[in-house]
Amino acid sequence: MNGQDPSKTNYERLVDEQAFSLEGPEGYFEQLHARFRSNTKSLSSSAPLVTRDEFRKAIQLGDLLLHESKQALKKVHKSLYHQWCFELSQGFNINFFGVGSKINIINDFAENYFIDWWNDVYTGKTPPQILVVNGYNPNVDFKSIVLQIADILVREETAKLPKHISETVPFLVDYMKNQKLTMPKLVLIVHSIDGEALRLDKIQGLFAQLISIPEIWAITSTDHVNAPLLWDLSKSKNLNLIWHDMTTYEGYTSELSFKDILGLGKSKKFVGSLGAKFVLGSLTENHRTLYRKLMESQLNKMKPVADVRGVGLKGVVKYATELRELLRECLSAFIVANEITFRTMMKEYIDHKMCQLVKDAAGLELLFIPFTYGEIEELSKQEFET
């Protein structure tokens, strides 16, 4: 110990007399089962007293520091604009993550920087068109997005697009391969690519195929902490993303404008036609067909009244379908094999409040969908006619 008293050395290091016995596996278990005395003083009693004026000054100082942090972060992100352009030009796509809304900075990059950079680097070349998709909007329609992209990429009048979106995307991929272009034709900006309306595995797969087209430069943003779980190895390869931390601490004003603020954080079942879309997307084809039969039956009964009263007509027991009648249709169409399977499938919809099962005065079982005529019609178009 170089002539020093070990006991004094231990005290200088604030090591107690049992420190040497707490090393190794024995020490781990000894600490694990040791009982520690908790402090009897509460936090409120030990905290210093603060006057109202001092508290107000502290709040103002916090707001000032947050504002300065936001401005400093904006300068940092704007200084990377040129790097983003370089990464896009090298065949990569970009995804932004982090705390705070990213809409303003991404839009500023597209509106005030990208075109000037393009004209400086590719002098005389026509700049690509810019398409912005607000993925945080729960009513965003993926079909319309694909059709807008197709309108930009496909200029030949003789080219005929497939009717179904699941066939249109591969058609665009093959079409652009045959074009053999060297310059991009589209900059696709998708705010919140992990938004509720775009989270379906099918949509994410089609998005990945679209973004894999070299003539499309894609800039996306994600807000959910589990967003990377949307993409498997194949989707990640097609997306070819470079991830950038864009922490801004800005409020999610635009993203939350479509939300029920009072309902945030509450646990509840799927309610309404929007929730029904997610349920239908996770079921088998026979299961979906059964619900389509119920929808068609109720729409036929509601249509004469809806033509007079409008699409806001509410689905009630008056427009219900007899359970036995629906069962016979499903059996004849080979959708189900027996009544047990039929009732098991219907229970899924009843539990998610997508339909209700009631009995009339005679004990007859009736099924009806508690959505409006417009909601049922729109859901039918989106799920079974695209």
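## Close-up views of a predicted model

View 1. S192 sits in the loop that runs between β3 and α9. The model shown here is predicted. S192 isn't a glycine, yet its phi is positive, at about 55°. Is S192 buried or exposed? With a relative accessible area of 4%, S192 is buried.

**View 2. A tyrosine with a positive phi.** Y249 belongs to the loop between β5 (241-245) and α11 (272-281). Its phi is near 60°, again a positive value in a residue other than glycine. Y249 is partly exposed, with a relative accessible area of 42%.

**View 3. The whole chain, before zooming in again.** The protein chain is built with 15 helices and 8 strands. Of its 386 residues, 37% count as buried. Take the contacts in the chain with a separation of 6 or more: 72% of them come from residues 24 or more positions apart.

**View 4. The largest nonpolar core.** This core has 36 residues, and the ones with the most contacts inside it are F142, I149, L188, F207, L210 and I213. Several elements give two or more residues to this core: β2 (129-134), α7 (142-153), α8 (165-179), β3 (186-191), α9 (201-211) and β4 (216-221). Which element gives the largest share? That's α7, with 7 residues. For a closer look, pick L210: leaving aside residues up to four places away in sequence, L210 touches F142, V146, I149, V169, L172 and I216. There's also a second, separate core of 32 residues, which includes V279, L290, V336 and Y373.

**View 5. A cluster of aromatic rings.** Y81, W84, F96, F109, Y113, F114, W117, W118, Y122 and W217 form one aromatic cluster. Across the structure, the count comes to 18 aromatic pairs. One to look at is W117 with Y122: the ring centres are 5.9 Å apart and the planes meet at 80°, so this pair is edge-to-face, as angles over 60 degrees count that way. W117 is buried, at 7% relative accessible area, whereas Y122 is partly exposed, at 21%.

View 6. A search of the whole structure turns up 13 salt bridges. In one of them, D201 pairs with K235, and their closest N and O atoms are 3.0 Å apart. D201 lies in helix α9 and K235 in helix α10 (residues 233-239), so the pair links distant parts of the chain, 34 residues apart. D201 is exposed, with a relative accessible area of 52%, but K235 counts as buried at 9%.

**View 7. Side chains along helix α12.** E296 and R292 meet in a salt bridge, 3.9 Å from N to O. These two are 4 residues apart in helix α12, so about one helical turn separates them. Another salt bridge joins K303 and D307, at 3.3 Å from N to O; both lie in α12, again 4 residues apart. K303 is partly exposed at 41%, while D307 is exposed at 54%. S297 is also found in this helix, which covers residues 285-309. S297 counts as buried, at 16% relative accessibility, and its side chain makes a polar contact with the side chain of T321 (2.7 Å).

**View 8. A salt-bridge network.** Here, R324, E339, R343 and E365 are linked in a network of salt bridges.

How values were computed
Residues numbered from 1 in each chain as written. Predicted model: local features only at pLDDT ≥ 70, side-chain atom pairs only at ≥ 80, totals over all residues. Heavy atoms only, no water. Phe/Tyr/Trp six-rings, centres within 6.5 Å; stacked < 30°, edge-to-face > 60°. Buried < 20%, exposed > 50% of the residue type's maximum accessible area, 1.4 Å probe, protein only. Contact = heavy atoms within 4.5 Å. Polar contact = N/O pair within 3.5 Å; in protein donor to acceptor, adjacent residues only side chain to side chain. Core = buried A, V, L, I, M, F, W, Y, C linked by side-chain atoms within 4.5 Å. Salt bridge = Lys/Arg side-chain N within 4 Å of Asp/Glu carboxyl O.
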